[in-house]
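Subject: Structure handover

Hello,

Here is the structure we talked about. Please open it alongside this note and follow the strands as you read.

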Amino acid sequence: MYAIITTGGKQYKVAKGDVLDVEKLDAQPGDEVKLDVLLLNDGKQVVVDAASLADKKVTAKVIDQHKGEKQLVFKFQKRKRYRRTKGHRQNLTRLEVADVPALSGSAATTASAE
């Protein structure tokens with residue numbers, strides 16, 4: 001069973017027990033966060049209907065807040081003696097997925113039926 005969640009303008013495929021880094025969330029280590037679900041798959045059914053997924057949330061525990069690897073930004077113009085180097089480190093939140101919601105058989109709309 002897995003889910004596609006969205007946070008920070010990005011989408012992630014997660015299953016129970018996964019650890020992932022997402023853009024910084026306003027939460028302290030040890031807090032529980034609930035993330036929006038875009039797709040649920042249990043191996044038999046795939047649910048993508050926004051109305052049936054509106055009440056479903058993936059629960060994750062915040063492990064820590066940290067910075068990512070340094071990304072170098074280098075600007076260069078040939079024959080102009082122009083070179084600029086800058087670095088950037090993104091603030092990230094490490095999450096551990098604690099719970100992925102289960103599908104209810106009667107209320108689920110499947111992608112295979114469409």
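Two strands count as paired here if DSSP finds at least two bridges between them. On that basis, Ala3 stands opposite Val14 in strand 2. Please keep in mind throughout that this is a predicted model.

**Overall layout**

The protein has nine strands and one helix. Read from the N terminus, the order is β-β-β-β-β-α-β-β-β-β. The radius of gyration is 19 Å, well over the 13 Å that the globule rule gives for 114 residues, so the protein is more spread out than a compact globule. The C-alpha trace spans about 70 × 35 × 20 Å along the principal axes.

Of the 114 residues, 32% are buried. The accessible surface is about 7,900 Å². Carbon and sulfur atoms account for 47% of that surface.

**Strand 1 and its partners**

Strand 1 covers residues 2–7. It pairs with strand 2 (residues 10–14) in the antiparallel sense, over five bridges. The two form a hairpin with two residues between the strands. Gly8 in this hairpin takes a positive phi near 65°.

Strand 1 also pairs with strand 4 (residues 32–41). That pairing is antiparallel too, and it has five bridges. Within it, Tyr2 has Asn41 as its bridge partner in strand 4.

**Strand 4 and its other partners**

Which sense does the pairing of strand 4 and strand 6 take? It is antiparallel, over five bridges, with strand 6 covering residues 57–67. Here Lys34 has Thr59 as its bridge partner in strand 6.

Strand 5 (residues 46–47) also runs antiparallel to strand 4, and two bridges join them. Leu40 is bridged to Val47 in strand 5. These two strands form a hairpin with four residues between them. In the turn, Gly43 has a positive phi of about 100°.

Taken together, strand 4 pairs with strand 1, with strand 6 and with strand 5.

A general point to hold while you look at the side chains: in a regular strand they alternate between the two faces of the sheet.

**Two residues in strand 6**

Lys61 sits in strand 6. Is it buried, partly exposed or exposed? Lys61 has 40% relative accessibility, so it counts as partly exposed. Leaving out residues up to four places away in sequence, Lys61 touches Gly30, Asp31, Glu32, Arg94, Leu95 and Glu96. Lys61 and Asp99 are 38 residues apart in sequence, yet their C-alpha atoms are 9.5 Å apart.

Gln65 is in strand 6 as well. Its relative accessibility is 28%, so Gln65 also counts as partly exposed. Beyond its neighbours within four places in sequence, Gln65 is in contact with Lys24, Leu25, Ala27, Leu92 and Thr93. Compare its position with Asp55. Gln65 and Asp55 are ten residues apart in sequence, and 28 Å apart in space, C-alpha to C-alpha.

Most residues other than glycine have a negative phi. Arg79 is not a glycine, but its phi is positive, at about 60°. Its relative accessibility is 75%, and the cut-off for exposed is over 50%, so Arg79 counts as exposed.

Arg81 is found in the loop between strand 7 and strand 8 too. The phi of Arg81 is also positive, near 55°, in a residue other than glycine. Arg81 is exposed, with a relative accessible area of 80%.

**Where to look**

For a quick tour, begin with the hairpin of strand 1 and strand 2. Move on to the hairpin of strand 4 and strand 5. Then pick out Lys61 in strand 6.

Best wishes

Terms used
Residues numbered from 1 in each chain as written. Heavy atoms only, no water. Rg over C-alpha atoms; globule rule 2.2 N^0.38 Å. Buried < 20%, exposed > 50% of the residue type's maximum accessible area, 1.4 Å probe, protein only. Areas by Shrake-Rupley, 256 points an atom, 1.4 Å probe, with all protein chains shown as cover. Contact = heavy atoms within 4.5 Å.
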